[in-house]
Amino acid sequence: MTTANTGDIVYVKRRGYRHFGIYAGNQQVIHYYKERNPLLCDGIISETSLAEFMSGSDTLYVLNGIGPAAKNNLFDWIVKRVFGNEIQPFSPQETIERARSKLGEQGYDLLLNNCEHFAFWCKTGVAKSSQVDDILACFLLLVPPPQDRQKEENL
């Protein structure tokens, strides 16, 4: 299993999506916790065991790992690609403090406030979800914005 360091963004793959959280150390993860079906119930930001976070998944992924095993740091690549050099990630301690400041918060929203938004906000101060961005990009390919449809009709 991948080793996570305190303050890392971690995730597991679930059927059809990835579930994100912040590794808090001592086999604990801070994340949107849902007792029942993730798509049908509201979540609450909780600190749970790593085993509970993984919920049957056999692989833990670390988005922003450090050290020799993380030569190609995906997190740094994403941050540079999306934000340029305008974003400086918080330190591991600051990331954990930010995550713990949200403990007990509800208000999960699949499109606007999901587990990935939460994890990226803790690490960068910007709530971002690549999963939502990908879904919206696919949707826009299928249904062009109204102004694009007008152009097509005028051709």
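A residue counts as buried when its relative accessible area is under 20%, as exposed when over 50%, and as partly exposed in between (1.4 Å probe, protein chains only). Thr95 sits at 0% relative accessibility, so Thr95 is buried.

Residues are numbered from 1 along each chain as its sequence is written, and side-chain values use heavy atoms, with hydrogens and water left out.

Confidence comes next. pLDDT is the predictor's confidence in each residue, from 0 to 100. Its mean over the protein chain is 78, and 64% of the residues reach 70 or more. Residues 66-72 stay under 50. For that stretch the model has 2 contacts beyond four places in sequence, a contact being heavy atoms within 4.5 Å. Where pLDDT is low, the predicted coordinates should not be read in detail.

Now the overall layout. The protein chain has 6 helices and 5 strands. These are DSSP runs numbered from the N terminus: helices are H or I with at least four residues, strands are E with at least two. Along the sequence the order is β-β-β-β-α-β-α-α-α-α-α. Of the 155 residues, 37% count as buried. Among contacts with a separation of 6 or more, residues 24 or more positions apart account for 55%. The accessible surface comes to about 9,700 Å², and carbon and sulfur atoms hold 52% of that area. Accessible areas come from the Shrake-Rupley method with a 1.4 Å probe; for residues, only the protein chains shown count as cover.

Start the tour at helix α3, which spans residues 92-101 and contains Thr95. Leaving aside neighbours within four places in sequence, Thr95 is in contact with Gly7, Ile22, Phe90, Cys122 and Lys123.

The term requires a side-chain nitrogen of Lys or Arg within 4 Å of a carboxyl oxygen of Asp or Glu.

The structure holds 2 salt bridges. Glu105 and Lys102 form one of them, with the closest N and O atoms 3.4 Å apart. Glu105 is partly exposed at 28%, and so is Lys102 at 24%.

Strand β4 also holds Ser49. Ser49 is partly exposed, at 28% relative accessibility. Not counting residues up to four places away in sequence, Ser49 touches Gln27 and Gln28. The C-alpha atoms of Ser49 and Gln28 are separated by 4.5 Å, although the two are 21 residues apart along the chain.

Leu112 falls in the loop between α3 and α4. With a relative accessible area of 66%, Leu112 is exposed. Together with Leu110 and Leu111, Leu112 makes a nonpolar surface patch of about 320 Å². Patches are made of residues with over 30% relative accessible area and no salt bridge; like charges are joined within 9 Å, and nonpolar side chains (Val, Leu, Ile, Met, Phe, Trp, Tyr) within 5 Å.

Helix α4 follows. In α4 (residues 115-124), 9 of the 10 residues are buried, so the helix is largely enclosed by the rest of the structure.

At the start of α4, a side-chain oxygen of Asn114 reaches to within 2.8 Å of the backbone nitrogen of Glu116. Just after α4, Gly125 takes a positive phi of about 90°.

Conventions: Predicted model: local features only at pLDDT ≥ 70, side-chain atom pairs only at ≥ 80, totals over all residues. Polar contact = N/O pair within 3.5 Å; in protein donor to acceptor, adjacent residues only side chain to side chain.
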